[in-house]
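Have the sequence and the 3D view ready as you read.

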Amino acid sequence: MKWMFRILSAVWALFVLLVILAVVYPSMFPQELPLPLAFIKSTLSSAVSSPVYFALPVFIFAIFTWPLMLLFMGARSGWKALAERYQYSANNVATRFIGPNSGMIGKMSYKNILFVGADEQYLYLKTLFLFRLGNPTLAIPWSDISAIKSTTSLLPAGAPQFLRAISPSGRFASVTLSTMPEQRLTLPWDDSFTRFASNLNVSHSEQA
């Protein structure tokens, strides 16, 4: 999945570069080109003269690449592995969610797209609807959570200070799973954690 993400990023960068060249240096494009390149040139030329023609190929490209990006995100962060164990299959969750807020799943930042909720049985976690593919709603039993630590940073204690300066601030919950202790979960804090997880080690710290 990592190589796929790099390829998609490179294709996006190349597409943007071609658009810039078509706008600034249209003479760089030869008059006679193979059919695929001629189609690209025609599309870029139309994009210069009409934003509608530019938006259409970008929209089509996004339709095909967005699902792949989400699947990579879910696999890279560990959400896919979490879903294999904790995916919530019911249509509705009868609890209050807070969000959207920011968090970290594994090493992936989920900025302003995370929702958390809780009841007597589960800690719930979901993303905005547009990010749900590859990141389905989770329901983690409290019995599978060994500790919750309150922190004011999304980053680990050893992270450089300049990264901490640009990282989202606020109150977060560093959640440790007894079933998957290597999986990092830093979620938006909800006061219901203390109420429903009264039998857990809910501690407070300034560092993640």
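## Aromatic pairs

This structure holds seven aromatic pairs. Here, rings of Phe, Tyr and Trp (its six-membered ring) pair if their centres lie within 6.5 Å; planes under 30 degrees apart count as stacked, over 60 as edge-to-face and the rest as tilted. One of the pairs is Trp 66 with Phe 131: the ring centres are 5.3 Å apart and the planes meet at 65°, so this pair is edge-to-face. The two residues are 65 places apart, with Trp 66 in helix H3 (residues 51–77) and Phe 131 in the loop between strand E3 (122–127) and strand E4 (138–141). Helices (H or I, at least four residues) and strands (E, at least two) are DSSP runs, numbered from the N terminus.

Tyr 122 and Tyr 124 form a tilted pair, because their centres are 5.7 Å apart and their planes lie at 55°. Ring pairs also join Tyr 88, Phe 97, Tyr 122 and Tyr 124 into a cluster.

## Buried or partly exposed

Buried means under 20% relative accessible area, exposed over 50%, and partly exposed in between (1.4 Å probe, protein chains only). Trp 66, at 40%, is partly exposed, while Phe 131, at 19%, is buried. Tyr 122 is partly exposed at 27%, and Tyr 124 is buried at 4%.

## About the model

This is a predicted model: local features need pLDDT of at least 70, side-chain atom pairs count only at pLDDT 80 or more, and totals for chains, interfaces and linings use all residues. Residues are numbered from 1 along each chain as its sequence is written, and side-chain values use heavy atoms, leaving out hydrogens and water.
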